[in-house]
Amino acid sequence: MSKWVYTFGDGKAEGAADMRNLLGGKGANLAEMCNLGLPVPPGFTITTEVCTAFYANDRQYPQGLDAQIEAALAHIAKLTGKTFGDPEKPLLVSVRSGARASMPGMMDTVLNLGLTDQTVETYVRISGDARFVYDSYRRFIQMYSDVVLGVDHHHFEDILEFYKEEQGAVLDTDLTADDWKKIVADYKKRVEEETGAPFPQDPHQQLQGAIGAVFSSWMNQRAITYRRLHMIPESWGTAVNVQAMVFGNLGETSATGVAFTRNPSTGENELYGEFLVNAQGEDVVAGIRTPQDITEKARKAAGSDKPSLETLMPEVFGEFQKICDRLERHYRDMQDLEFTIEEGKLWMLQTRSGKRTAKAALRIAVELVHDGLISKEEAIGRVEPASLDQLLHPTIDPAAKRDVIATGLPASPGAAQGEIVFSSDEAEALKAQGHKVVLVRIETSPEDIHGMHAAEGILTTRGGMTSHAAVVARGMGKPCVSGAGSVRIDYAAGTLTALGRTLKKGDVITIDGATGQVLAGKVDMLQPELSGEFAALMEWADAARRMKVRTNAETPHDARTAREFGAEGIGLCRTEHMFFDEDRIVAVREMILADDSAGRRKALAKILPMQRADFAELFEIMAGLPVTIRLLDPPLHEFLPHEDAEIAEVAAAIGATPQKLRERVQSLHEFNPMLGHRGCRLGISYPEIYEMQARAIFEAAIEAAGATGAPVVPEVMIPLVATKAELALLKERIAAVADEVGKEKGTTLDYQVGTMIELPRAALRAGEIAEAAEFFSFGTNDLTQTTFGISRDDAASFLGTYVERGILEIDPFVSLDQDGVGELVSIAAERGRKTRNAIKLGICGEHGGDPASIGFCEKVGLDYVSCSPYRVPIARLAAAQAALGGGGGSTA
C-alpha cells in the first residue's frame, strides 16, 4: 500500500529535509527540526502525491488515506496524552498547507481545530482560563468558516468591531471571557444564517473539511496568480501539515512571533523579527495589533516603548537565539522562523529559507562564503538573476525637498511614486493603460497579489515588518511602507487623510521603502550605486561562466552604462534609431523621396559623416571589444509622416510638395510591414543605403583605432536574410566598400560580415547560409513572431489567456519557446557549425536578458548573449548559473 502520511515528533520523524518534493517545504523542515532534537509540536504530513491524486480523481482521496490519518492522530495522542475528538482530554490541531516552493499566505490555514461546544467546556475546566478558551474558539469559528464553509471573514470582523464599539473596547485583549462567549454565539448564528446549517460539532468532520480546503486552496485564484508570477508548476501540488496546537494566547507568559536569522531587507547579520504577547500566529502578520521587536537593539532603533522579547523573557530569548544560529548553520542559509511560547516554553513551528531582497541576497551569499559555510559556486546559485533588477531601483535624492505626510515602517527598500489607487483591480487596470500607481490599502491580503504586482509600490496603514504586504513586496522587489498608522483611508470616498491633508484617488505620492516615509507629490530620484558584495559576486560569476555578455546599444549613454555593468561588447546596434535624430531625419526623408539612385546618394552623403561619428564614438567606448552593427532594418515608410498637417510641415522643410510626399507615403504603404520591404530586401533594392552605412562603419573603425590604440574589428550584420544568395550579394558590395576605404586610407581592414537568423527558413538553411556568414546572431524577437505567426505588438490581447489556460506555459516573447523557436535555434547552430566550424553564435533579442532563455543558450553552446544595458548584470549571473548547471535561475 502507498504511504500517504509521514509522522514527526519527540525528536524523531519519518521524513527529512531532502524530501521536500514529497512532503513540501514546511513538512520536510518540520521533520528535519524534529530529527535535530528541537522542540516541535508533534504532527504529521499528508504528501503532495495525495494532492495530485485528489485533482486527478475528481477531488476524491486515494484509498487507505483515512486509515493512515487515524494512525497518525493516534501517534500524536501517544506523545501528548490527548486524543482527537475525546471530550475529556481533547487534542486540538492546526492544519496548514506546505508546497515544495515557499508561497507565503497564498494557501489556507486553520488553527484550533477540534474545538466544539463540548470540548470548549473541557478546556475551560482544564486550563482555568475561560477567556483564553473562548478567544481560541471564536478564532477557530472565523477561520474555519472562511476557509472551509465559504463565509467571508468580513462577517466576523463586522460583528467583533461592532461589539467592541458597544463596549468601549479598543483592543481584542480588552474583552473578557463573557464578551467572547457572546461573540461566539453571534458568530455561530451568522454561520447558520449564511450556510443554512449549524457550525460543525464533530472534530473528525472538521478535520476532513480543513484538509479538503487546503488541497482546494492549491487552485484558488491567489495561488494560481502567485504560481504564474513565480513560474511554479501546477503539477507540484501541496502537502498538508496537521500538528498539535500550542498556544501563544494563554496569558502574559505566552507569545507568538516571526523571525529571520538575518535582516531580509539589508542582509545584515542580526536577528530580525517581531512577536506579540498573549496572541496567536495570525495576529502578527494580520496587522491587527502592532507587534513588538525581538531584540533590544531593534526596539531602540524603532523608538518603541514596548519591551523586546530579549528583555521580557530573557531565558526564552537565549534559547531561541541558539536555535536560530543552529538552524542557519545547519541549512547554510538565512532562515525564516515561526515560533510560539506557551506558558514560558518555546516551540518551533516552522523554518524555511527566508525571502529576501536582492541587496540582502547578495550580502548574505557573500558573507556565508566568507564564513566558510558555502562555496563561491553555491553563492552564485543563491541569488535569483532577475532579482538584481531591484538593485537598479531609484532612491530619493537626499537633496530633494520632502513633503512628508506620514511615516510607517520601512518594509521593502527602494522608492516608488505614482497615482494613488485603493484597489488591486484598479491598480491592474491602470497599469495596463500605462499609468504608474501606488497601491494604498489598510492592509493587504493574498487576494491583492495582482494589484501588488501591477503597482510601483505599496503603502499600508496596518501591519508590521513581517506582514503580508512586507513579505510579498520584498519577494517582488517592490518598495513598501507598512504600518503607517497615522494615515486614514476611506475606501468609499476614495481618499486618504494624513496630517490634516486629504489626498484623493489619482493624486501622486512617493513612498520611501528605506525610511518608511510617505511624501506628497513627485520627488527627485537618484540611481543606485552597486555594493561591494555585488562586485564580489559578479567577479565570481564572471570566473564561472563560459558565454560572453554583450549589450544592445546605439547611443553613447547606453554603451557607457552597459560597460559600467560589465558588458563585453555590443551585440546589436540598431542603426535605424540613429536616423530619427532631429539633425538627420530631414536628409533621410530627402533620400526616401529621391527619384533615382543619384538623388539617394546625394542625400545619403549628408548622413554619412553623422553615422561615421556615431560609430566612432561607440567603437571608442568599447575600446577594442566586439561591436555588431545591424544595417538598416525597418521599412522606409516608418521615417515618413502620415497625418496631413505633418506632411505639409515636412514637405516645407525638405523643399518638396505635400502632394509628392503624400504619393510617396502611399506608394510605400504595406499591409503587413513586418513581413514586407525591410531588412536585406531594402539593401538589395537600394544598395546605396547599405554602401553608405558600410563606409561609415569602416571609416569609423580606422578613426577609433587611431584614437584608442586598440584594434577595431567591426561585425557588419545583415538583417532578415532568408537565402544564401541575398547574403552573398550584399556581402560582395560590403567587401567592395571595405576595399575602397582601405585604399583611400592606406590600410587593410579587418572585419566580419554575418547575419541575423530571424526567419524559420534561415534557421533551416543555416548550413548553406554559413558559407557566406562569418557569424550568426539569433534575432529571437522576430524569429518568435515568424515561427508562431503572431505579431508581438498585437499579441497582448490573447497571450494572457493562453498562459492562464495552460496553452502556453509563459509568454514566448518574455521567455524563449524552447520547444519550437528553441529547436530552430538548435538546428541553425548545429548546421552552421557543420559548415563553418568556428562560426560565432549569439542571441540579441529580448530573450538575451531572460535567465531561463540564457540557460537554453548555454545548452546550445552559443558564444554570447546580448541584452539591454540594465539587464547585463542579470545575464552575467544567469550565464554563470547555467555554466554551473543551474539552468539560468536560482538554485536556492
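Predicted model: local features only at pLDDT ≥ 70, side-chain atom pairs only at ≥ 80, totals over all residues.
## Overall build

Residues are numbered from 1 along each chain as its sequence is written, and side-chain values use heavy atoms, without hydrogens and water.

The secondary structure comes to 35 helices and 32 strands (DSSP runs numbered from the N terminus: H or I of at least four residues for helices, E of at least two for strands). The radius of gyration is 32 Å, close to the 29 Å of the globule rule for 892 residues, so the protein is as compact as a globular protein of that length. That radius is taken over C-alpha atoms, and the rule is 2.2 Å times the number of residues to the power 0.38. Along the principal axes, the C-alpha atoms fill a box of roughly 105 × 65 × 50 Å.

## Cavities

The whole structure holds three cavities of 30 Å³ or more. A cavity is a set of points on a 1 Å grid over the protein atoms alone where a 1.4 Å probe fits but cannot get out; lining residues have an atom within 4 Å of a point. Points are joined across faces, edges and corners, and a volume is the space filled by probe spheres set on them.

The largest cavity has about 120 Å³ of space. Its lining counts 15 residues, with R96, M245, V246, T340 and L349 nearest the centre. Strands β4 (93-99) and β6 (238-244) each give two or more residues to this lining.

## Helix α4

Helix α4 covers residues 117-127, and its buried residues are T119, V120, T122, Y123 and V124. These pack against α5 (130-149). Just after α4, G128 takes a positive phi of about 70°.

## T495

T495 sits in strand β20 (residues 495-498). Its relative accessible area is 17%, so T495 is buried. Beyond its neighbours within four places in sequence, T495 is in contact with F422, R488, I489, D490, T502, L503 and K504.

Note on methods: Buried < 20%, exposed > 50% of the residue type's maximum accessible area, 1.4 Å probe, protein only. Contact = heavy atoms within 4.5 Å. 1 Å grid on protein atoms, 1.4 Å probe; cavity = no way out; pocket = protein on both sides within 12 Å on 5 of 7 lines; lining within 4 Å.
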